[in-house]
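I opened a new structure today and kept short notes. Here is what I looked up, entry by entry.

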Amino acid sequence: MTRVILLEQLKVFTEDVTREILLPVQMQEKDESQPPDRAASVYVPRLPKLSAYKQKAPFITHESVTSKDILTQAPNGYQFMQASAVVRSCFCVYHPNEQEGGLALLNLMERLRIALLETVVIGKQFTLDVKAGVETLVYPSNPNQTASSLFYLGEMITVWKIKGIERKVIDDEEGHGHIRKDEYDRR
């Protein structure tokens with residue numbers, strides 16, 4: 001459940017730091033007039049319906065890509081589980097002006113990147129791994145396109161330190177794992 005909570009906390013954080021950036025919305029067939037600009041919607045782990053991206057833009061998605069749990073030994077000999085999760089955040093904006101579209105995307109991505117690097121800890125339990133860095137990619141437009149796309153896409157990769165799982169076994173002198181007595185008594 002920890003990675004699920006991480007995504008939920010990241011969603012809340014993202015909505016908070018990007019709510020003031022109002023971006024254009026593509027007019028749909030059912031619209032009688034141009035819809036007003038709005039803040040990006042945030043989804044976890046992805047859009048409810050991927051093919052609806054034109055109706056949902058602007059939006060941001062956060063999805064857990066990989067995670068890793070490793071047994072680490074502290075200098076005092078104590079062993080503990082250390083966990084991390086890699087999160088991929090995808091950004092999509094619509095803009096009728098090709099010059100401004102790329103800048104609108106970059107502005108949205110920069111707002112989140114800077115806020116994460118300034119805050120580092122979200123939800124009082126998830127720490128951005130600044131040593132791993134924050135990686136961003138803005139998808140380049142294709143210079144050979146005959147028609148331009150009015151949708152601009154990018155992504156961000158972040159690594160998070162998350163609470164490790166407490167082991168319910170202890171190792172005996174031969175290195176065999178056994179259920180801890182207090183755990184055994186509860187069964």
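**Strands**

I began with strand β3 (residues 79-94), which runs antiparallel to β2 and is joined to β2 by 14 bridges. I note that this is a predicted model.

I looked up one bridge of that pair. Q73 has Q79 in β3 as its bridge partner.

Next I checked the link between the two strands. β2 and β3 make a hairpin, with five residues between them. In the turn, I found G77 with a positive phi of about 95 degrees.

Then I turned to the other pairing of β2. Strand β1 (residues 41-43) pairs with β2 (residues 59-73) in the parallel sense, over three bridges. Here I noted that Y43 has T61 in β2 as its bridge partner.

**Helix α1**

I checked the span of helix α1 (residues 2-18). Its 17 residues reach 24 Å from the first C-alpha to the last, close to the 24 Å expected at 1.5 Å a residue.

Which residues of α1 are buried? I listed L6, L7, L10, F13, T14, V17 and T18. Viewed down the axis of α1, these buried residues fall within an arc of 130 degrees, so they line one face of the helix.

**Surface patch**

Last, I looked at the surface. L103, L106 and V138 form a nonpolar patch there, with about 260 Å² of accessible area together. I placed L106 in helix α3 (residues 98-119). Why does L106 count as partly exposed? Its relative accessibility is 38%, and partly exposed covers values between under 20% for buried and over 50% for exposed.

Note on methods:
Residues are numbered from 1 along each chain as its sequence is written. This is a predicted model: local features need pLDDT of at least 70, side-chain atom pairs count only at pLDDT 80 or more; totals for chains, interfaces and linings use all residues. Side-chain values use heavy atoms; hydrogens and water are left out. Two strands pair if DSSP finds at least two bridges between them. Helices (H or I, at least four residues) and strands (E, at least two) are DSSP runs, numbered from the N terminus. The expected span of a helix is 1.5 Å times one less than its number of residues. Buried means under 20% relative accessible area, exposed over 50%, partly exposed in between (1.4 Å probe, protein chains only). The arc is that of the directions from the helix axis to the C-beta atoms. Patches are made of residues with over 30% relative accessible area and no salt bridge: like charges are joined within 9 Å, nonpolar side chains (Val, Leu, Ile, Met, Phe, Trp, Tyr) within 5 Å. Accessible areas come from the Shrake-Rupley method with a 1.4 Å probe; for residues, only the protein chains shown count as cover. A salt bridge is a side-chain nitrogen of Lys or Arg within 4 Å of a carboxyl oxygen of Asp or Glu.
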